[in-house]
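Subject: Structure for you to look through

Dear colleague,

I am passing on the structure we spoke about, and I would be glad if you could read the notes below with the model open beside you.

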Amino acid sequence: MNLNKPIFDIVEDDIQQLINSGVAERKTVEYKSALPSNSDKDKKEFLADVSSFANASGGDLIYGITAVNGIPTAIAPLQLVNVDAEVLRLENIVRDGIRPRIPGLNIHPISTTSGTVIIMRIPKSWANPHMVIFDNHAKFYSRNSAGKYQLDVDELRSAFLLSETAVERIRSFRSNRL
């Protein structure tokens, strides 16, 4: 079971199916029981998670699910007073804390019987690599099956070269089509 459907079509039953199927955390999905607080440490961790998805294959960051050893065990809905304000807060943290900005990022709150689950869908970015710039924390992250990790010099060099190659291929395709 995957959430391979448009983010705004995902409902509580889809989240429950992830749990029932025991879909483990991996390169394209991560579970969190709580939203990041406003502490600098939590914001840096949040931004590292988001940028790692954009710099890798993209994926879903799901808040409001408890997991044990990466396996989801239950919906633990977030108790939010103002869901829209919380979504805006997360969008602002990402907008101000990652460069270049990540195009196509979506956040979808899902109402459950006892609260809210928030899914953040981060697309694979063609403007990568993205750097966390919050509070002088200038680092690049990516993901593998074990979760996020900091990019080393060789991986950064490769990411920048691939990014430029992709842009050049797009320009060439457009030029040839015209």
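A residue is called exposed when its relative accessible area is over 50%, buried when that value is under 20%, and partly exposed in between. Please keep in mind that this is a predicted model.

With those cut-offs in hand, how does Asn-136 count, buried or exposed? Asn-136 reaches 80% relative accessibility, which is over 50%, and therefore counts as exposed. Asn-136 sits in the loop between strand 8 and strand 9, and its phi is positive, about 60 degrees, although Asn-136 is not a glycine.

Asp-135 is found in the loop between strand 8 and strand 9 (139-144), and here too is a residue other than glycine with a positive phi, in this case near 50 degrees. The relative accessible area of Asp-135 is 42%, so this residue is described as partly exposed.

Which form does the bond from Asn-128 to Pro-129 take? That bond is cis, with an omega near 5 degrees, and Pro-129 belongs to the loop that runs between strand 7 (115-122) and strand 8 (131-132).

The bond from Arg-99 to Pro-100 is likewise cis, with omega near -15 degrees, and when you look for Pro-100 in the model, you will find that residue in the loop between strand 5 (98-99) and strand 6 (106-112).

Terms used: Residues are numbered from 1 along each chain as its sequence is written. This is a predicted model: local features need pLDDT of at least 70, side-chain atom pairs count only at pLDDT 80 or more; totals for chains, interfaces and linings use all residues. Side-chain values use heavy atoms; hydrogens and water are left out. Helices (H or I, at least four residues) and strands (E, at least two) are DSSP runs, numbered from the N terminus. Buried means under 20% relative accessible area, exposed over 50%, partly exposed in between (1.4 Å probe, protein chains only).
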